[in-house]
Amino acid sequence: QVQLAESGGGLVQPGGSLKLSCQASGRLLSFDAMGWYRQAPGNQREMVAMFGASINYADFVKGRFTISRNKARSGVYLQMNNLKPEDSGVYFCIGRSRAGDYWGQGTQVIVSS
């Protein structure tokens, strides 16, 4: 069984920073791609950043967020700078492999003064 565990969410003021971490455990520890999605209340889950053969960012985070991955391809990180209230939501880690997609439980980010 594969599990992805996120950490690093919390409450931050507008303009502040947070770093999210995601670590895989279990049988499959290496993914072809890992990344982050987010979901705000009443909204669909949306891609934030993916790290695979290439790195892709959603337009709304370009220049503010940076995704990175460990060499073992079992962990992924998201450095979020200059956070805005509209960045609030639950951030989910995803790991993609030939066996399928795996999701974490999510970590909440609240950007508010």
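Accessible areas were computed by the Shrake-Rupley method with a 1.4 Å probe, and for residues only the protein chains shown count as cover. On this basis the protein exposes about 6100 Å², of which carbon and sulfur atoms supply 46%. The structure is a predicted model, in which local features need pLDDT of at least 70 and side-chain atom pairs count only at pLDDT 80 or more, while totals for chains, interfaces and linings use all residues. Residues are numbered from 1 along each chain as its sequence is written, and side-chain values use heavy atoms, with hydrogens and water left out.

The protein has eleven strands and zero helices; helices (H or I, at least four residues) and strands (E, at least two) are DSSP runs, numbered from the N terminus. The radius of gyration, taken over C-alpha atoms, is compared with a globule rule of 2.2 Å times the number of residues to the power 0.38. The value for the protein is 13 Å, close to the 13 Å given by the rule for 113 residues, so the protein is as compact as a globular protein of that length. Buried residues make up 42% of the 113 residues, where buried means under 20% relative accessible area, exposed over 50%, and partly exposed in between (1.4 Å probe, protein chains only).

Strand β9 (residues 89-97) is largely enclosed by the rest of the structure, because seven of its nine residues are buried. Two strands are taken to pair if DSSP finds at least two bridges between them. Strand β9 pairs with β4 in the antiparallel sense over seven bridges, and R38 stands opposite Y91 in β9. Three bridges join β9 to strand β11 (residues 107-111), also antiparallel, and T107 in β11 is the bridge partner of Y91. A hairpin through two residues joins β9 to β10; these strands run antiparallel with four bridges, and I94 stands opposite W103 in β10.

Rings of Phe, Tyr and Trp (its six-membered ring) pair if their centres lie within 6.5 Å; planes under 30 degrees apart count as stacked, over 60 as edge-to-face and the rest as tilted. The whole structure contains two aromatic pairs. One of them is formed by Y37 and W103, edge-to-face, with 5.1 Å centre to centre and 75 degrees between the planes. This pair links distant parts of the chain, as Y37 lies in strand β4 (residues 33-39) and W103 in strand β10 (residues 100-103), 66 residues apart. Y37 counts as buried at 15% relative accessibility, whereas W103, at 34%, counts as partly exposed.
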